[in-house]
Amino acid sequence: MSAYIAAFYAFLYAPLAVMFVFSFNDARRNVAWKGFTLKWYAQLWRDGELLRSLATSLELALVAAAIATLLGLLASYALARHPKFRGRQGCSALLSVPLMMPEIVMGVGLLSLFSRARVPLNFWTLACAHAMIALPYTASAIRARLLSLKDSRLEDAAMDLGATEWQAFRKITLPLARPAIVAGALLAFTVSFEDFVTSFFIAGIGIVTLPIKIYSMMKFGVTPEINALACCLLLATVALLALRQRLLSGAQERAADAADRALEGAARQAAEPA
Amino acid sequence: MDAWLSWLICGRSRKSSYALLAPAVLWLALFLIIPVACLLELGFLRLGPYGTVVFSLTLSNFSRAIEPRYLEILLRTLGYAGITTLLCLALGFPAAYYLSFRAGRRRELCLAALMIPFWTSCLVALYSWMIILGREGLLNSLLLRSGLIAHPLRLLNTPFSVVLGLAYFYIPFMVLPLYGSLEKLPRQYLEASYDLGAGRARTFFKVTLPLCLPGVVAGCILTFIPCMGDFLTAEFLGGPRTYLVGNLIQNQFLMAQDWPFGAALTSVLLILLVAGLYFYQRVEPQR
């Protein structure tokens with residue numbers, strides 16, 4: 001069993017290891033080891049087009065993550081906290097549809113809609129599409145957290161002490177849910193940043209995201225630069241995932257602290273007028 | 001303002017729930033439902049001169065989609081997706097089993113390690129596989145040097161490399177649902193089975209496997225669906241003989257400029273998908 005697991009993970013990590021090793025290989029053709037070099041990394045740094053595509057991807061991911069997080073927060077609050085209402089199940093199912101849909105369907109669907117409606121393809125249409133793809137991720141992350149906070153009596157306590165529902169939400173629920181909100185936003189950011197298929201179909205002429213740039217590099221010739229780039233991206237991905245993990249695992253402890261502080265504050269406020 | 005926000009939050013009125021859900025639902029309607037509807041309609045329209053679309057209804061795109069040469073591609077895609085799914089199940093089940101029963105303190109680490117390749121850009125992984133599998137690639141040079149083979153094997157641009165690539169990309173979609181269902185399995189059932197004298201194999205086939213069947217089905221569907229729509233793997237790891245529906249659709253939209261035919265092909269894909277999801281729904285409630 002252990003041997004199998006080792007082989008399984010070796011399979012998963014073989015391409016990553018290859019890419020790491022060959023990013024330092026001083027050879028144009030990727031096969032044999034010709035000695036250590038950092039020149040591919042230096043070349044990345046000088047590649048203006050590449051850096052521009054990186055900037056585009058980052059901007060796109062920021063906008064998409066912001067939209068997806070806001071929409072996800074609102075929707076998941078209603079789904080997790082409101083008493084049952086008609087259409088709840090349907091809405092909840094609808095929110096997971098983008099996860100089930102092959103990306104090529106969304107790509108060509110959006111392409112045919114935009115061309116039919118004569119919507120010009122630009123940065124914003126792409127950002128809207130990315131937000132749609134990322135929405136299930138933010139909604140499910142935030143919803144899980146809101147559901148686990150449901151049993152806490154802190155909001156009731158706050159309202160007993162005279163807070164309105166909105167105040168209780170802003171002072172208690174929102175801070176407690178913040179780690180999950182940030183974690184969801186990070187996930188949405190990653191989803192948008194890595195997206196290739198949808199962008200491939202609906203990025204207009206002038207919009208080159210990083211994955212699209214990588215695709216054209218792969219199409220028009222083999223270059224070890226891709227390995228160097230991939231290593232940088234991998235590092236960034238691991239950092240983001242680690243951050244998300246820490247947020248989620250640290251959330252439990254800090255939630256208790258935050259709750260204590262919130263209650264203390266509320267008690268003080270309630271005591272003041274007296 | 002405060003009163004209005006409180007009304008929105010508390011959910012005493014159904015309208016407040018709808019108000020909170022409206023932005024997300026509208027967004028999905030605008031960028032998911034309407035595009036798909038538009039695509040379905042496009043499949044019934046006629047292709048005009050110079051890649052334009054003529055608004056007259058026709059079934060010719062669909063009848064063309066099941067012409068032998070296109071049907072072959074469709075069936076090939078089904079076959080590849082099916083084989084990949086089975087391969088993922090065979091490779092992924094022991095991994096999920098290990099994660100759930102044996103990993104112990106290493107579980108968090110193993111789960112995280114499963115997600116890192118998944119979040120790596122698939123283009124980059126494809127590029128790596130090209131280096132590994134190429135004619136003068138890593139695997140061939142290793143095998144040649146070790147003396148196991150005399151001539152380099154043809155690994156890239158074969159059905160083998162395409163299935164390998166697909167399995168590599170979609171195996172987390174198999175392992176995670178499997179892990180989820182194995183996690184939920186009450187451990188007492190297994191103990192009871194052992195106590196009653198069943199061996200390990202018998203316990204596995206009579207208790208573990210039936211109870212995690214929903215996870216198996218979910219994993220298979222979640223693997224199968226994206227495999228059906230994939231075009232990058234076949235584009236980079238495959239050759240002309242491994243042309244899949246995804247490649248055909250991409251070609252119709254971006255090269256051949258025959259959008260109605262591309263839309264019809266996508267609709268066929270969607271119908272298969274909906275059928276799969278329907279099947280999934282039938283199995284799901286037993287969980």
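In the predicted model, Lys39(A) and Asp26(A) form a salt bridge in which the closest N and O atoms are 2.8 Å apart. Lys39(A) belongs to helix H2 (residues 39-46) of chain A, whereas Asp26(A) is placed in the loop between H1 and H2, so the pair ties together parts that are 13 residues apart in sequence. Both partners are partly exposed, Lys39(A) with a relative accessible area of 37% and Asp26(A) with one of 31%.

A second salt bridge in chain A joins Glu155(A) to Arg81(A), with 3.3 Å between the closest N and O atoms. This pair links distant parts of the chain, since Glu155(A) lies in helix H7 (residues 154-160) and Arg81(A) in helix H3 (residues 48-81), 74 residues apart. Glu155(A) counts as buried, at 14% relative accessibility, and Arg81(A) is likewise buried, with a relative accessible area of 14%.

In chain B, a salt bridge is formed by Asp258(B) and Arg64(B), whose closest N and O atoms are 2.8 Å apart. Here too distant parts of the chain are linked: Asp258(B) occupies the loop between helix H13 (245-254) and helix H14 (259-283), and Arg64(B) is found in helix H3 (residues 60-65), 194 residues apart. Asp258(B) is buried at 7% relative accessibility, while Arg64(B) is partly exposed, with a relative accessible area of 25%. Elsewhere in chain B, Arg107(B), Glu183(B) and Arg187(B) are joined into one network by salt bridges that share partners. Over all chains, the structure holds 10 salt bridges.

Between chain A and chain B, 3 salt bridges are counted. One of these pairs Glu235(B) with Lys219(A), the closest N and O atoms being 2.6 Å apart. On the side of chain A that touches chain B, helix H1 (residues 2-22) of chain A gives the most, with 13 residues. The residues of that side comprise 64 nonpolar, 12 polar and 6 charged.

The contact as a whole draws 82 residues from chain A and 87 residues from chain B. The size of an interface is often given as the accessible area lost when the parts come together. For chain A and chain B, the buried area is about 7,600 Å², with carbon and sulfur atoms giving 79%. Within chain A, the residues that lose the most area to chain B are Phe11(A), Met100(A) and Met218(A), which together account for 9% of what that side buries.

Methods
Residues are numbered from 1 along each chain as its sequence is written. Chains are lettered from A and ligands numbered from 1 in the order in which they are written. This is a predicted model: local features need pLDDT of at least 70, side-chain atom pairs count only at pLDDT 80 or more; totals for chains, interfaces and linings use all residues. Side-chain values use heavy atoms; hydrogens and water are left out. Contact means heavy atoms within 4.5 Å. Buried area is the accessible area (1.4 Å probe) that two parts lose on being put together, summed over both. A salt bridge is a side-chain nitrogen of Lys or Arg within 4 Å of a carboxyl oxygen of Asp or Glu. Helices (H or I, at least four residues) and strands (E, at least two) are DSSP runs, numbered from the N terminus. Ala, Val, Leu, Ile, Met, Phe, Trp, Tyr, Cys and Pro count as nonpolar, Asp, Glu, Lys and Arg as charged, and the others, Gly among them, as polar. Buried means under 20% relative accessible area, exposed over 50%, partly exposed in between (1.4 Å probe, protein chains only).
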